[in-house]
Each structure stands twice: as C-alpha cells, then as structure tokens.
Amino acid sequence: MAARDGKHLGRAAAWLLAATALIAPAGVLAQSLTADGQTLPVYDVGDAFLSGAEEAPALAPTETPDGNQRFADGTEASHTPAVAGGSPSPTVRIAPSNSDQSDRGSPATLLADQVTLSADEKLTASGGVVIWYQGARLIASRVIYDNKTGGAVIEGPIHLTEPATRGTRNETIVIADSAQLQPNLQDGILRGARLVLAREMQLAARQMERSDNGRITTMQNVVASSCQVCASDPVPLWEIRARSITHDADKRQLHFDQPQLRAFGVPIASLPWLTAPDPTVDRMTGFLRPQFRTTSGLGFGIKLPYFITLGDHADLTVTPYVSASRTRTLELRYRQAFSNGAMEWNGALSRDDIEPGETRGYLFGAARFELPRGYQLGIQLQMATNRAYLLDYDVTDADRLWSGVTLDRVRRDRMLTARIGNYESLRDDEPDDITPSIVADALWQRRWTPDRIGGIAQLEWSLHAHRRSSGQDVLGRDMVRGSVAMGWRRSEVLPLGMVGAVETRLDADFYNINQDSNYEDWVARADPTFATELRWPFARHANGVTQIIEPVVQVIWSPERDDDDEVPNEDSYLIEFDEGNLYSLNRFPGWDARESGLRANIGMGWTRIDPAGWSIGLTAGRVLRSRTDSAFGDSGPLAGKSSDWLLSANYQGSNGLAIVNRALFDDSFSISRNELRMGWLKPGLQLSAGYLWLDSDESEERPENVSELTTTAGWQIRDGWWATAETRYDFAADRAQKAELGLEYRNECVTVEMAVKRRFSDSESLRADTSFDLGIRLGGFGRQDSARGTVARRACLR
C-alpha cells in the first residue's frame, strides 16, 4: 500500500472539528503540524527512542530526533514511503467480506436450553440461545423461527457478532433489546440497538435496520461517540446526535443526516449532512482534520488539507494555508507505490508579507526502486527559495540541499555504491561559486578468503569528481580522483592466550586537478602500509561476575609522504579520534589525506559484566609516532609525536539506562574534547541527553570553543498525560539555540496536543521565531496511529 492517512475525517467532518476549536481560549487556536513528508530518512530503521520500544537503552543522538537524518556530507534525505526498498505491497482491500463464504449454504447450528416445535411450524428456542449461521453468531434469550416465512422474532438481550473478525479492525458488534431478522440473521429490524465498530465507535438508536446481507445499516434518532458511556454518568465527553446514520460496510463510510456535535452535552455545531470514515479506514478521499498554526512571523493561520485517493497505490494531498495577514500558501503532496518501490513529492508556493511581492517555495522529492540482481536505485530532488522559507514554514532546518541519483548493491562479500548530484548550500558562509556543486562518487568493494595464505583479503575501487562554478584560480578548483586499494589481514591465537595479527595494504590514487596553480595538474601516488598487532585478553569469572582485561599494541609503518605527491585536502577536514578508530591504520575519513610514518597504537580495555544485567567498560589509549605527521597540522588531538590520551567509559543497565563518555586530554590533563551521551528508556520515561566540548582549533576552522547541551525528554505524568521537552543550549554563546515544550492528553475518544516552540537563530537572513500549537483529534473516525504513553480510560462503577 502506498500510504496511509488514519487521521482522515471525511469531507465536511473538517468543519465540525474546526468548530470544536472554538471552545479553546482565545490566543491558543493552533494545531501541531506534523513533519510528514519532510526530509525523513530514506532507510527506515527502527529507532527505540522515537518509537517507544524497550529493546535497548537509547543514547543521545548527535542530532536532535526531529525526524531528520543527515548524510555524511551534511545534507538530508527526503522522505519516501516505508514500502520503498521492501517487498511489494499487497492490493488494498477496500471491501472486506461480511460473512464466511465457505459457510454459504450450510445449515444453521442451534443451541438452547429448551426447543419446541408447534403445529403451525414455528420453532421456539429459549434459555441461553446461541445460533451459528454463515459466519455469524447470535446470542439471545428467546428465538421464535417461522419455517413458512423463514423469518425470526428474537427477544433480548441480543448479541450479534462475527467470531472470525474478533480482535481485528473489521470487527462489528450489534447489541439490541429485540429484533425481527430474516433467515440470514443479518438483515432485519432491531429495536433498542447499539452498533459497535472496531471496538472504537459506538452508535445507539431506538431502531436499526440492516439490509443487503448486513452491508447497509440504517439507524434512526442516533447518538454516536467513541467515548466510554457509563450508566451513572451517561453524558460522554463528546457525541454526535443525528436524525439518522447510515453505515456502509463495503465502503466503510458513515453518513450522518442533520448531525449535531456536542461536548459535555452542550451543542457546539450543526450541519445538514456529514460523511466520515468508520474506524477501519486507512485511506479515503475527503478533508483531513484542519490544522491551526500560530507563529510570530506568520501570525494565526489555518490549513485545510484535502486528501485524494488515486487508486490503491497513489494519493494526492492539496493543502491551502491561509493566515490572517501574512501568507497565502498552497501545499501539495503526491505519493505513489509501485511493485518494486515508491516515491513521494512535497512542495509549496507562498506569497507573504515577510518578503512582500516575492513568490517563495520549495520542492522536495524522493523515489527508491528495487532493480534486478539486488540493485537499489534512488532519486532525490531538493529545491528551495532560501533557508528562511524552510524555517518560516517549518519544513526542515537543513542548511544544505542535495539532488541526484544513487545506486547501491550490498551482498555478504561485496558492495557497490554510487551517486551523482548537485549540492546547494543555504549557508551564508558558503558562497555557491566556490562550493563544489556537481559531485560524483562511486565505490566498489569485495572481500574473500585466499586459499593458501588464509585471512581476509579486500579489493576496493573508488572514483570521485567535483566541479565548482567559479572560474577563479584556487577558489574555483575542480578535481577528479581514481583510487584502488588492496588489503589483507590474518589473525591467529598464539601461546599463553595471546592473539596476533598481521595486516598489509596498498593504496594508489590518480588525481587530475584543474584551476589551482598550487598543485600539479596530474598527481599519482602509492602508499603501502604494514601493521602487526598483539592482544592479550585476560578473563575472570567469580560469583557470576565476568571481568575482561585486554591490552593491545599495534605497530604500523608506511613511508613518509613526499611533498611532490601533495594534493588538496577536500574530504578529510574533520578527524574523529575515539575508541572506534583507536586501532585503525588510517584515521582520516576520506582519501585525500592519509597517515604516514612509523607509529604505534597502544591501548587497554576493561569490561565488567554483572549477573544483575548491567555492564561497565573502560577504554584507554593513545598514538605514538617516530616523527610528527604533517597531515595533522600543528594542533589537534592527533598532532605531534604523541597524540592526546583517549579515555572512554560506558555503562549499560538493566533498567534501560545507558551512559557513554569519551574524553581527550594531554599529559597535563588539559581536556581538548569531551562528549557525554546519556539515554534512559523505560515505561513512562524517554530521556536522551548529550553534552559536547571542543576547544578551538584553527586547522578545523573553529576559532572559538564549542560547549553545547542537547536534551530531548518525554515522560508520563499520569495515565493519558504525556509531556515532552527539547532544548539545545550553547554555553559558549550563553544562549539557547532552540527550545520546545509539549503536552499531550489522550483517552479512548479524544487526543489534545499542545506545544510551544522557540527558535533563537538570528542573522541577516534568519530571525528568531516563536510558535504555539494546539491540536484536537476525535477518535473513531478513520484508523488512528498508535501514540506514546498510556491512554486514560473512563471506568464505570457498578
């Protein structure tokens, strides 16, 4: 299925919900805008923090979990429906069967305490009557069946269900005081009846008539609500009263004649008619719930989305957005699923008072398809007038856009990935003419085990090219690189439990450099690398506790870099040094820069695993060199003959708490970098926090220290109440970058969402902005998505 919209309210239902907002206090008429379709990850990977699952503790993300995921180059991926890259979607079944076809023509089964047959061919069953017929089950106190007419008079209480649909969203329950049914036990007239759809929507009427084998149900003088109704307090939180309601089980629609919406028994709004989906609907043409939004930049506004189904695997959403005095916007979203993939396109055009006389807008699109032999084809388009527009209309906070084509194929022993596209920078400090715009990359890798020498061998080919639009010398540098790498590694268990390994690698690069007089036009270089490694793990088991200590020494040699082989460093400016690459042959993330000379990576790790379910680990180490490596410059944690000390600690508890801290410091214990990440995931609490400290470093174009705190939290205040908070605070600048507080209340029939957000960014092209959102969603209309936290349910006292 291409996409689903469980919040669909159907045609005129949007106006009823708009009326409900009138009961809110003045100044808070806004509704939370979802980020659906806005720069979400292409690859759908379950996130325990976002989903609320309790599979593992959640660590603080490097980016706030706002639904955006950046590529390594700082761009973001446009959203494609989850079906992309997966198995083909089954056809959407719009009309579920109302009876078991295998039971057609089969006789009825009757159970009762007493059964009598009169002379006029009337069968009377009484006392715990249960009848099974054509997939339907009828429970009643007394049934009188006329063999001549085939009709049945039934005395209640009556309970009519289809056991095969129990627990599914197609479940329908009919309860009545008395009934006169036709032979199929589906059609007829029921008095004092209640109809319960998917255990969510309840309709009560004095009389109900069913026809067309139970497909059409018509109720007169009806009260409909998804709220719990108690005998001691029969007034629900909200209800819809109507002269009549018709339910079409095939179309899964509810048609209201002269409906009146009431809250706490007080009439709020009336309409001549209303058509809405029943609780089983995923997708249906009609109005979606109105969305209200108030911001300091755009003022109070309203969105009225109209959802159009284009068959089973495509849909279009048209959303006009109008504010009181600031904007006139039209948003469009198109989604389509194919047998081998899916695509989604989002865009908008706006005229507002922020930039009078200017038409602004954006267009984001993404598609992903499965090709033969396991290949994956991706297409992405991202265009925007400017970054301010994306922030003003809450599209995304991305500051770089990428449009292009990707091709991937991953197997157990080989991998191919390639992409070519155009970069567009929205940052003020990155002029378009000196920033690489057209960039192409390709990478092919294969690993195998040689027959005679054993171990693991690897062969790699890569290609990179980029072009700047500027024609200036140096600033307009264009470059093409082709690289090939071959490597081999083998490890063996030595006497006394030691583990030894040898590794060798050869990297060769060929460069063509244009528009830069500082470098030769053609440069070829080759760098062999040899390494040996020795590990000596010690393990101890006592009283159920396991402790492991492992010292590691790794000696690496590669020839000193010749100045004649110098090439511009385009892809290895930012260098990480952590426990993940402490024992790496080369810590540069790209190809342009590479470690050289004789060096040793030394370190030690300690792990304690407790039988209570928690564990703690420590890793310490540093890099020693025979001489200074000029590739690292004069500053930074890896500069000089001795690197900074790396100390990393991690804790993972059985209660869902996880903490990781890594620090870099010199021999005088002066900390140059420190990162603390914490996550706590348990029922009723989701916490993710991170603190980052980086000292200034001119080689990484960081003239000032970085000291930043990022926190995202969600917690259950009480049943039905879920609170959220998010902030990013810059201690170096002594100001917050963003802050958000949210509160959500949810019971069985209504969801109320409130949020206040503040963006503190302020520059020549951006300004600070504050928004307040309020959203109200009634349950029972369309299939509802699961939410975080618990649901407050009304309890009836007997």
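**Notebook: contacts, rings and a surface patch**

I started with contacts in this predicted model. Among contacts between residues at least 6 apart in sequence, 51% join residues at least 24 apart. Next I looked up the secondary structure and found 3 helices and 43 strands. The chain has 798 residues, and buried ones make up 44% of them. I also noted that the chain exposes about 39,100 Å², with carbon and sulfur atoms supplying 55% of that.

Then I turned to the aromatic rings. My list came to 17 aromatic pairs. One of them is Phe292 with Phe300, a stacked pair with 6.3 Å from centre to centre and 15° between the planes. Phe292 counts as buried because its relative accessibility is 8%, under the 20% cut-off. Phe300, at 35%, counts as partly exposed. I looked at Trp536 and Phe538 too: their ring centres are 5.0 Å apart and their planes are at 35°, so this pair is tilted. Trp536 is partly exposed at 32%, and Phe538 is partly exposed at 42%.

Ile549 sits in strand β32, which covers residues 545-558. Its relative accessibility is 36%, so I wrote Ile549 down as partly exposed.

Tyr321, Tyr362, Phe364, Tyr389 and Tyr393 form one aromatic cluster. I also checked for charges over rings. Arg419 lies over the face of Trp402, 4.5 Å from the ring centre. Arg535 has its charged end over the ring of Tyr583, at 5.1 Å from the centre.

Key: Residues numbered from 1 in each chain as written. Predicted model: local features only at pLDDT ≥ 70, side-chain atom pairs only at ≥ 80, totals over all residues. Heavy atoms only, no water. Helix = DSSP H or I, 4+ residues; strand = E, 2+ residues; numbered from the N terminus. Buried < 20%, exposed > 50% of the residue type's maximum accessible area, 1.4 Å probe, protein only. Contact = heavy atoms within 4.5 Å. Areas by Shrake-Rupley, 256 points an atom, 1.4 Å probe, with all protein chains shown as cover. Phe/Tyr/Trp six-rings, centres within 6.5 Å; stacked < 30°, edge-to-face > 60°. Lys NZ or Arg CZ within 6 Å of the ring centre and 35° of its normal.
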